[in-house]
Amino acid sequence: MRKLSISTILLFALALLLPLTTQAQTSSTDINHVVEIHAEDFAFQAPDEIPSGWTNIEYRNEGNEPHFLIIARLPEGRTFDEYSSDVLVPFGNVWYALRDEGMAQDKAMEKLGADLPEWYWAVEFTGGTGIIPAGFTTDISLNLEPGTYAIECYMKTEDGELHNMEGMMRELTVTDTPSEMTPPDADIEITLSNFEMALDGDLTPGNHTVAVNVNEHPEQGFGHNVHVARIEQDTDIDNLVRWMNFLEIDGMQNPGPTSFVGGMQIIPAGNTGYFSLDLEPGRYLFVSEYTGHLGVLQDVTIE
C-alpha cells in the first residue's frame with residue numbers, strides 16, 4: 001500500500017475545502033449584495049450590470065462638489081442613447097433659456113413639455129440618494145426590476161453648468177438574475193402622500209435606517225423625494241427651500257445654502273425605498289425637492 005506524505009494529505013484537504021469556501025463566499029455575496037457607485041467631478045464609477053430585486057447601493061462622493069444619484073428605468077424598447085439625446089438635450093436647452101435668456105419659469109416648463117418625447121412620460125423614477133457633500137458616503141436599498149436604466153446627477157457647478165451635461169450620466173442594466181437580498185429593517189418611517197410628509201420613529205443621535213413610503217404622487221409636478229439638510233444658526237429656511245427648485249437660477253447650485261446628509265430620490269407610488277442616516281445633535285430639515293415649496297417638509301431638532 002502506497003503511503004501518502006503529509007504534504008499530499010494537505011493538498012487533498014485543501015482541494016476539498018476550496019469548493020466549500022467558494023460556495024460560502026458566493027452565498028454571502030448574493031444575500032448581502034452591495035453595489036458600489038462612486039461619484040466624481042463629473043462622472044460615475046459603477047458596474048455595467050447588477051442583479052434585479054432588492055439591492056443595497058453604497059454611494060460614495062469622491063468629488064469636490066455635492067452630488068446625488070437618481071435612477072430612472074427606461075420604457076421597454078428605449079435605449080440609453082435615446083435618453084441622452086431626446087431627454088437630456090431638451091432639459092439642457094430649457095436650462096440655458098432660463099439662465100442665459102431670462103425665460104420665465106412657467107414658459108420654461110411649457111417649452112420642456114413640448115420638447116420632450118412622448119415616451120419620456122413612461123420613464124419610471126425608481127429612487128436614488130439625496131444630496132451628499134464631498135467625501136461623504138451613504139447607503140440606499142431599492143427593489144429594481146430588470147431593464148435598462150439611466151443614472152445621473154443634475155446639480156449645478158459654481159458656474160451654473162449641469163452635472164449631467166458635464167458627464168455625470170451613464171447606463172445601468174438590471175438583469176433577470178435575482179439578488180436574493182431582502183429589504184433592511186427600518187427604525188424611522190417617512191410617508192409621502194400628495195402634499196403631506198409624515199415622519200415616525202425615534203430620531204436620536206446615531207445611525208438610522210429610514211424607510212420612505214410613497215402612497216401617492218402629487219397631482220402636479222414630478223413627484224416626491226426627500227433630502228435631509230442640516231440647519232445652522234444662520235440658515236435661511238425659506239431660501240433653502242427656494243434653492244431646492246431646479247428652475248431657480250441658483251437652484252441646486254454649488255455652493256448650497258447649507259450641508260446635506262442624504263435622503264431618497266423619487267420612487268414609484270406604492271413602493272418603498274430605504275436610506276441610511278447618521279444624525280448628530282442639531283436641527284434638520286426633511287424637504288422634498290419638488291414639493292417642499294408647497295409645504296412637504298419636516299423641521300426636527302435632535303437633542
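**Salt bridges: worked exercises**

Asp48 counts as exposed, at 55% relative accessibility (buried means under 20% relative accessible area, exposed over 50%, partly exposed in between, with a 1.4 Å probe and protein chains only). This is a predicted model, in which local features need pLDDT of at least 70 and side-chain atom pairs count only at pLDDT 80 or more, while totals for chains, interfaces and linings use all residues. Residues are numbered from 1 along each chain as its sequence is written, and side-chain values use heavy atoms, leaving out hydrogens and water.

**Exercise 1.** Find the salt-bridge partner of Asp48 and say what the pair ties together.

*Solution.* 
- Step 1: Look for a salt bridge (a side-chain nitrogen of Lys or Arg within 4 Å of a carboxyl oxygen of Asp or Glu). Arg170 meets Asp48 in one, at 2.6 Å, N to O.
- Step 2: Arg170 sits in strand β8 (residues 169–178) and Asp48 in the loop between β2 (43–45) and β3 (49–61), so the pair joins parts 122 residues apart in sequence. Strands here are DSSP runs of E, at least two residues, numbered from the N terminus.
- Step 3: Check burial. Arg170 is buried, at 18%.

**Exercise 2.** How many salt bridges does the structure hold, and which residues are linked in a network?

*Solution.* 
- Step 1: The count is 10.
- Step 2: Arg99, Asp100 and Glu161 make up a salt-bridge network.

Technical notes
Helix = DSSP H or I, 4+ residues; strand = E, 2+ residues; numbered from the N terminus.
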